[in-house]
Amino acid sequence: MKRYTSTFERCEKKYILSAVQHAQILSALTDYTTSDEYGKTDIYTIYYDTPDYLLIRRSIEKPVFKEKLRLRTYGMPTDADTAFIEIKRKYNKIVYKRRIAMPYRKALTFLQMPAKGGQIAKEIEYMLHLYPHLQPAMAMTFNRISFAGREDPALRITFDSNICWRTCPIDLSIPAAGVPLLDEGQRLMEIKLFGAIPLWLSHLLNQNACYPVSFSKYGRAYEAMLKQNANSTLERNYI
């Protein structure tokens, strides 16, 4: 297993790019960034929530503080492959992420019956007690290309494509499938850093008319799920 960072503290800015914007940004990044240690990856995620989706409903309301619990793997996992249990919190526009790693099947068991561990494991256990009945609520998969700044390696820029969600089956050990979240050709770009955006990057965004948006993959997928369920109900009533 690669060495991994267990805690993060940073700002995250998100942009929805057209195919043209994506190509222009990607071409210009070669002078300022390099592929990070992950490079191109397929990311598989399970979001945990209450049966009535309390966590994501609160998140959509844009409170000062919000948090999520998720299980993430890089690639479709076998039972023994590494998985990350992550708490992602956001307070006053700063994102804090804390995570632990363990084999995928063990991680699923841990999220049902937490075992003793270090500080982060205790925080995960506390969250499971704070929100009773947390359970797998949604699976999501996407392809990611990651870059790090040449002068400032803490700067990360990622591009996500083929973002798909599903509520059944919620198991990462099956091939990626689900409902697309973005329009064809679109990419989700995330700029992750602590501090101001570098001047060169600010100019690049302005030149290509790229503007930050409020975007949560789980939040957008939850809203799409509600719309899908409402349309299904209308169809049944019509029949």
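1. Helix 3 spans residues 104-112, and its buried residues are Tyr-104, Ala-107, Leu-108, Phe-110 and Leu-111. Seen down the axis, these buried residues fall within an arc of 160°, so they line one face of helix 3; the arc is that of the directions from the helix axis to the C-beta atoms. Helices (H or I, at least four residues) and strands (E, at least two) are DSSP runs, numbered from the N terminus.

2. This is a predicted model, in which local features need pLDDT of at least 70 and side-chain atom pairs count only at pLDDT 80 or more, while totals for chains, interfaces and linings use all residues. Residues are numbered from 1 along each chain as its sequence is written, and side-chain values use heavy atoms, with hydrogens and water left out.

3. The cover over the buried residues of helix 3 includes strand 2 (33-49), strand 3 (65-74), strand 4 (82-91), strand 5 (94-103) and helix 4 (119-130), with contact taken as heavy atoms within 4.5 Å. Within strand 4 lies Thr-82, which counts as partly exposed at 27% relative accessibility. Tyr-91 also belongs to strand 4, and its relative accessibility of 45% makes it partly exposed.

4. In helix 5 (residues 199-207), the buried residues include Leu-201, Leu-204 and Leu-205. They cover an arc of only 95° around the axis, which puts them on the same side of helix 5, whereas Leu-199, Asn-206 and Gln-207 are exposed on the other side. The buried residues of helix 5 pack against strand 1 (7-17), helix 1 (19-29), strand 7 (156-166) and strand 9 (187-193). Just after helix 5, Ala-209 takes a positive phi of about 50°.

5. Which residue does Lys-217 join through a polar contact of its side chain? The partner is Asp-160, whose side chain lies at 3.1 Å in this polar contact, a term for a pair of N or O atoms within 3.5 Å where, within protein, one must be able to donate a hydrogen and the other to accept it, and where residues adjacent in sequence count only if both atoms are side-chain atoms. Lys-217 is found in helix 6 (residues 217-238) and, at 9% relative accessibility, counts as buried. Leaving aside residues up to four places away in sequence, Lys-217 touches residues including Tyr-47, Phe-142, Arg-144 and Glu-190.

Key. Buried < 20%, exposed > 50% of the residue type's maximum accessible area, 1.4 Å probe, protein only.
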